[in-house]
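Trainee: I am new to this structure and would like to get to know it. Could we go through it together, one topic at a time?

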Amino acid sequence: MTTLARAGIRPDRPASEATVAIDLRGVELPDGVRLRRWRGLDADLPAMWAVADAARVADGEVERTTYDGLATYYRHLERSDLDRDLVIAELHGEFAGFARVEWHDSNDGERWYEGVGIIDPALRRRRIGAALLAWTERRRVEIARAQAAADPALHERSRWLTTFLFDGNVGGKVLLTAAGYEPFRRFATMRRADLEAIESHELPAGLEIRPIRRDLAEMRRVFDADAEAFRDHFGWVEATDESFAEFVEDPDVDPEGWIVAFDGDEIAGGVLNGIHQVPGGAREGWLDSVFVRRPWRRRGLARALIARSLWLLRERGMSTASLGVDLSNVNQALALYESCGFRAVSSATAYRKPLPSTGDGPREEAPR
């Protein structure tokens, strides 16, 4: 089976080809709006990317996504069947937005059913978002019901409907609040506005920086170390073969820009730096991941790695550096980044509400 088939991505198919019917019970469609299944990567992803990028700009999010980066992401989805879990919204026959659902387990044993809905900013406030949210909720409950039927132990776990919103999307916040969602985690994109006067910080004794080649075995070692370091963090993602394949195919991933510290043969920590291509042709320096494994924490390693990363980005012609941060990070990442000259320039919030009763077991309730 090909990677595309595993990810639920089918070759483009004729629009007349029969697909699984969309369950619209409880979904109120505004006049002129219809929901359809997607027609494949080449047919629909260009419009999906254009709308998603326009939404980021409209919502004040400084991190952009390239088409190639989004295509790589969609090729490697593991818990989303795009023939059933993605719908396209059209207004009078024109592309207006899309919604997708997936599920995953948190590192504290909860199961999250995530819904994503993105509308062309020029078509907001026409109830299209409300229709897409209603569809995602119906589909997510359907998935939860099927999973619980196969594994009754799921009823003993906390299960949530979750979603994510850039804070500049005021209308989206109103919609989610009215639907019963509450914020439970906040994030920020941070930027250092210049790469001048970079402070020097020594590596902890016994550690050294070694270059990483574009070799799959070497890259996998770093990838696994990064995933292990974030195991106790919000949003942790398991280091599967599919997630690694997505990682190495990402056009912004360049191991020659990584700063990785070793203690003998062990990876102690690293910063996975990248130079991102921005829509329109610009290039931006990013610290895509900053990680330190547990035995080497609280020794100044992260600060030393960040300083070396800033020097590297400057040497490569960058004038700024950006990164993302979980504002509730237990290791005080926000304070560290601020002390290294980064300032928050945009933000986002994760929302959730308890999974409604699936009708096949005890009603889901928020944990006390």
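**A walk through the model**

Mentor: Let us begin with E114, which touches R100, V101, E102, H104, R140, T162, T163 and F164, leaving out residues up to four places away in sequence; contact means heavy atoms within 4.5 Å. This is a predicted model, in which local features need pLDDT of at least 70 and side-chain atom pairs count only at pLDDT 80 or more, while totals for chains, interfaces and linings use all residues. Residues are numbered from 1 along each chain as its sequence is written, and side-chain values use heavy atoms, with hydrogens and water left out.

Trainee: Which side chain of opposite charge is nearest to E114?

Mentor: E114 sits in strand β4, residues 111-119; helices (H or I, at least four residues) and strands (E, at least two) are DSSP runs, numbered from the N terminus. E114 is buried yet has no salt bridge. Buried means under 20% relative accessible area, exposed over 50%, and partly exposed in between (1.4 Å probe, protein chains only), and a salt bridge is a side-chain nitrogen of Lys or Arg within 4 Å of a carboxyl oxygen of Asp or Glu. At 6.4 Å, the nearest side chain of opposite charge is R100.

Trainee: How far apart in space are Y113 and E102, C-alpha to C-alpha?

Mentor: Y113 also has its place in strand β4, and it is buried, with a relative accessible area of 0%. Beyond its neighbours within four places in sequence, its contacts include E102, W103, R140 and L355. Y113 and E102 are 11 residues apart in sequence, and their C-alpha to C-alpha distance is 6.0 Å.

Trainee: How many residues apart in sequence are the parts that E284 and R191 tie together?

Mentor: The side chains of E284 and R191 meet in a salt bridge, at 3.6 Å from N to O. E284 lies in strand β10 (residues 283-292) and R191 in strand β6 (residues 182-192), so the parts tied together are separated in sequence by 93 residues.

Trainee: Is E284 buried or exposed?

Mentor: The value to look at is its relative accessibility, which is 19%. With that value, E284 counts as buried.

Trainee: Where do R316 and D254 lie?

Mentor: These two side chains form a salt bridge of 3.3 Å, N to O. The pair ties together parts that are 62 residues apart in sequence, so note both places: R316 is in the loop between α9 (301-315) and β11 (321-326), and D254 is in the loop between α8 and β8 (258-263).

Trainee: Which residues are linked with R34 in a network of salt bridges?

Mentor: A search of the whole structure finds 27 salt bridges. Some of them form a network, in which R34 is linked with R36, D44 and E90.

Trainee: What is the radius of gyration of the chain?

Mentor: The chain has 10 helices and 12 strands. It is as compact as a globular protein of 368 residues, because the globule rule gives 21 Å and the chain comes close to that, with a radius of gyration of 22 Å. The radius is taken over C-alpha atoms, and the rule is 2.2 Å times the number of residues to the power 0.38. So the value you asked for is 22 Å.

Trainee: What percentage of the residues count as buried?

Mentor: Along its principal axes, the C-alpha trace spans about 65 × 45 × 40 Å. Of the 368 residues, the part that counts as buried is 48%.

Key. Lys and Arg count as positive and Asp and Glu as negative; His and the chain ends are not counted.
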